[in-house]
There are 4 protein chains.
Amino acid sequence: MAKTAKIPVGILGATGMVGQRFIQLLERHPWFEVAWVAASERSFGKSYEEAAKWKMKTPIPRRIASMQLSAAEPKGAPKVIFAALDADIAREMEPAFADAGCAVISNSSAFRMHPQVPLVIPEINADHLKLIELQSWRRESGGFMVTNSNCSVMGLAIALAPLQKAFGIESVFAVTMQAISGAGYPGVASMDILGNVVPYIKNEEEKMQEEAGKLLGKLKGREIVPAEFAISAHCNRVAVEDGHTESISIKLKKRATSEKIIAAWREYRGMVYDLKLPFAPADPIFYDERPDRPQPRLDIERGHGMTVSCGRLRPCSLLDWKFTMLSHNTIRGAAGAALLNAELLKARGFLG
Amino acid sequence: MAKTAKIPVGILGATGMVGQRFIQLLERHPWFEVAWVAASERSFGKSYEEAAKWKMKTPIPRRIASMQLSAAEPKGAPKVIFAALDADIAREMEPAFADAGCAVISNSSAFRMHPQVPLVIPEINADHLKLIELQSWRRESGGFMVTNSNCSVMGLAIALAPLQKAFGIESVFAVTMQAISGAGYPGVASMDILGNVVPYIKNEEEKMQEEAGKLLGKLKGREIVPAEFAISAHCNRVAVEDGHTESISIKLKKRATSEKIIAAWREYRGMVYDLKLPFAPADPIFYDERPDRPQPRLDIERGHGMTVSCGRLRPCSLLDWKFTMLSHNTIRGAAGAALLNAELLKARGFLG
Amino acid sequence: MAKTAKIPVGILGATGMVGQRFIQLLERHPWFEVAWVAASERSFGKSYEEAAKWKMKTPIPRRIASMQLSAAEPKGAPKVIFAALDADIAREMEPAFADAGCAVISNSSAFRMHPQVPLVIPEINADHLKLIELQSWRRESGGFMVTNSNCSVMGLAIALAPLQKAFGIESVFAVTMQAISGAGYPGVASMDILGNVVPYIKNEEEKMQEEAGKLLGKLKGREIVPAEFAISAHCNRVAVEDGHTESISIKLKKRATSEKIIAAWREYRGMVYDLKLPFAPADPIFYDERPDRPQPRLDIERGHGMTVSCGRLRPCSLLDWKFTMLSHNTIRGAAGAALLNAELLKARGFLG
Amino acid sequence: MAKTAKIPVGILGATGMVGQRFIQLLERHPWFEVAWVAASERSFGKSYEEAAKWKMKTPIPRRIASMQLSAAEPKGAPKVIFAALDADIAREMEPAFADAGCAVISNSSAFRMHPQVPLVIPEINADHLKLIELQSWRRESGGFMVTNSNCSVMGLAIALAPLQKAFGIESVFAVTMQAISGAGYPGVASMDILGNVVPYIKNEEEKMQEEAGKLLGKLKGREIVPAEFAISAHCNRVAVEDGHTESISIKLKKRATSEKIIAAWREYRGMVYDLKLPFAPADPIFYDERPDRPQPRLDIERGHGMTVSCGRLRPCSLLDWKFTMLSHNTIRGAAGAALLNAELLKARGFLG
């Protein structure tokens, strides 16, 4: 009976890397249950096991392995949809599901900057959900759309949130060293990245810069007023499997000491702490005192991949402070982010 | 006869990674000939082949393989010494050789910031050699000391030099992704770097910041007045064999266009172009138009490892411009740098 | 009360890579509790956190972090000792603990081939424990010694065990591709393994060949009669973090089909299945049907690192059959192996 | 004039990885000159620079960069064609060029086992070229086809050739650890190989087994009688950029000592030594005495990538001897092999 009480969810783009993460993370979820998986036409009708090149380190959940892939159409789909689609496809397909009354919880970039679509990290801007009520889908069919940010800006925004609140942020410099899993599968060719650095990820710097403003922006009336700090990003790909590491410098509006900054991180609980969401980490931010940390190979699993790690806080001779930040790009930065958004939606009554 | 006319040189620290590069690069040098190799006491008396764990991709030159390792003492050493020592050892040993009348061409950090020791990149500050005449060694024994910079600041300084001249530099932000060969052998443990990023290299950020000022500083009377720009560095180690990649943002004093910046790089010949030094690259700087370059695996050998590659010049929303820079850390950034310094010294009559 | 009922254990070599695995794996063990940690003199008196360069992906257990390192002497040590020592040190230190009445459960190679010391993999030769009664330590102080095999032969022996029983084994060809973690820390230099293969691991081929015979040998009277098959091993190091992959060919004494071999693997439960040892995997061997498996990055965690994966069974044109085998070198091949041995000892009443 | 005397050659599949190697290796060839490049329809009409994702470490030769890609049709193509095509395409396209009177020097697997097509490594079976006269293309149009072997069997065959001659070979066991460049571009996904081993390369073991027999076979009358030794191969992919490493065991027909085997390798000159072919290495085989060599990262460039390195010769407890072999998979194993075949054809008068 407990089992039947779970909310059935569907996954669009279920066979891709983020889709696989959804399936992995949802395996024993207390509130949600995968009831429907869809992928491209090529896979339609096959079993999930047959269609997916499973790349997770845990086995395919048995129940999902034999599940048949559905066509990617709202007909017959559950009312809660996790969407792990490429932006081009998402642009057409996600509105179709919202039109049909579905809650579309999207990981794609297609609608992140749409003025009525909330771009949500529960800890830092759960209140942005109010935008949902302005969506025409919501009024017409009850459906709506919520998005999470790009994987490279997610950890940055979380690390900045408590500092913005405590001291105000004037400017941000961020250089990423991003993992290959962020590019999907087959994604980055091994000839391009083995023993190498690729100093370019298409559109990534632009996404980081615009999404940071919306994530840390304020809901005023019917719109999000973006945070006003200046931000400059350089994005690089490195030979790391999971985990985006970033070298960050910041200028604050108010004077701060390193003790106060570290305290702000350590004490940070965010907006949803009291909701006890199952996927919310005990500590959204962990500050590591060790001089050579955080490191992706060692620290990426902290908080089941949902805790952002910071370290090496020290004065910056150009701005005020510099530090290293690490976050898990396919958990905190993608599937886990969407899942946490879904939990927030449920807690706030949006999922019926 | 041509052969006997070559200047005999010695190598201190000949068995280490930089020492091996010296031996590789000097194999067919038109002016210099390795006549003496020294290493730690442990190796004294062994043949070079026996003592060195040779890690270069070309074979040990036959003549060197059977050369016996000497004690690291001035007695019996040639008058031109390339020093590839750890800073702690260099601090004691290099002055002893200068005292004994040797030209010490050092790759170590021990005396880089000494006010009478020139820190030289021939293209950008060959005139700093004048400091030699102020050295007490020079007056007393004829010996002297010249240094090259840290491997992570070398390429940066070269990329900045033409911009400093054309536009003036106000501030610099540099994040490095440094190769493992920079740490010597055994150096970085594989457990630490395989599939990983280590966001810390001891003292590296400090060296980059102080050495950049001296390298791009001006000789006024009897001292170097450091360049006055502000600079902030973040140093990271990545799983790359050779080649330091850097994400750089700069603020210029005068307004520039991207065309003018690229032209300044492409036209840059530096102070020693007319000397036709054997190891000086035809182009000190190469600007690559391709959107995803430079990359260490593909571009590091340009100009036999002596050309600095720049790419991805684009506006920076915080400072003025941002770009990627790549340089070969053990050639342009270490052994090749010292060798070019030696050639400059020879051309300027300092080597007798 | 349940807690105080746990058996206190000590760890010799607690700060090394295998020592760290012991601490990680013992964190929530139902029967054992780390009560004492010792390392080299250099660390004596420090807290564990201070002395160990912790390289596990889970945090140091809080209780252990603050535990003080003891001198590596039997005085004050618990009666059950896990030893993760280099062979040279083990040769002196392990007998001292056995002399003092301790159960020494060793991962070192020092005494593996000693005729009275059992070399145990519980599933395949739990009966070899009887050798303990022949040990002079046992008679004199009650102490004794039990060892586990080299990491590269462990998975091989497990894969062979059911085939030996069902069909008999005549000869074995095994080529290893071994992970860097097997060499400890700092272990393999990154300059040696990044983008490389090193076709040599000192003494490894000899260990594989002699230990395989003892592991699969039969206890007859007071001695182990080694299994009589011929075995030839080639050992290579590859750029993999955890997990030894092996290409294996075998000649069987009786004719077998691939179906029968796979069935023998799948049905294999081993000698200790009924004991329900906490660390024994549900399946000692997993046969993977997928054509390109097992792979270390994806399959190493199966059975919490205790299940051996086999795949690609196909005819061999030289011997009879060939297949790929993968096992976790620091869990099934080291710390987990010793832990399972300890559980077996406990179940059989050897730990008091 | 010397320049106009060069033989114009065309490259089919010029933009792929092997095609790029052809262009790199032919840049300063004394006999041949690239006059025509062709690739898939998608590239037709573009400049080479535009169409190729150039992945070599030397720059695109200037003359080639601006060369326009032709359609892959015999019309207008030179009479000497290097073919670097996928087998499926080669199966249709190569005969069309031979029909049109071209000398097709192919790197593909499509016709390697065809009874009238010689599979040639000049050092070991230059006499197999006589098969050309049996080809119907030769009789009808003057065109013909010559192939080189798979990259994984090339080095093996060269290492076996002198042993076959001196001692006779009874059986061969070979386990490969193959570089990613062998799979072309994009080829192996980074998610599949970073920190991993993939124990499967489609059809590779079959190719090794059948091609070894033909390569070391004897021309008798109008056919090649395959060498009769038994051979078993296991093929693995590892995270290495260039260079296939192989663990090999062999059984010889006559008794040999390690001294005699090493001497056979060192003295081996092969069938074409007197021809002084430009791309033939001084030593087809180099035996390395160092205990941990050969290694791909360090030894792959020996003989400009054309020398096969052997090492670690030692007794095998199953067959007679075991050793490690390394060869450059895209030079000796592909483009360099075809180029050497072309030189042999020229020297023997087949290219007019």
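The model is predicted, and its local features need pLDDT of at least 70, side-chain atom pairs pLDDT 80 or more, while totals for chains, interfaces and linings use all residues. Residues are numbered from 1 along each chain as its sequence is written, and chains are lettered from A in the order in which they are written.

Select chain A. Colouring by secondary structure shows twelve helices and 15 strands (DSSP runs, H or I of at least four residues for helices, E of at least two for strands). The C-alpha trace spans about 60 × 50 × 35 Å along its principal axes. Its radius of gyration, taken over C-alpha atoms, is 20 Å, close to the 20 Å of the globule rule for 352 residues, so chain A is as compact as a globular protein of that length; the rule is 2.2 Å times the number of residues to the power 0.38.

Next, display chains A and C together.

Finally, select the contact between the two chains (C-beta atoms, placed from the backbone, within 7 Å). Six residues come from chain C and six residues from chain A. 100% of the contact residues of chain C recur in chain A, the same surface serving both copies.
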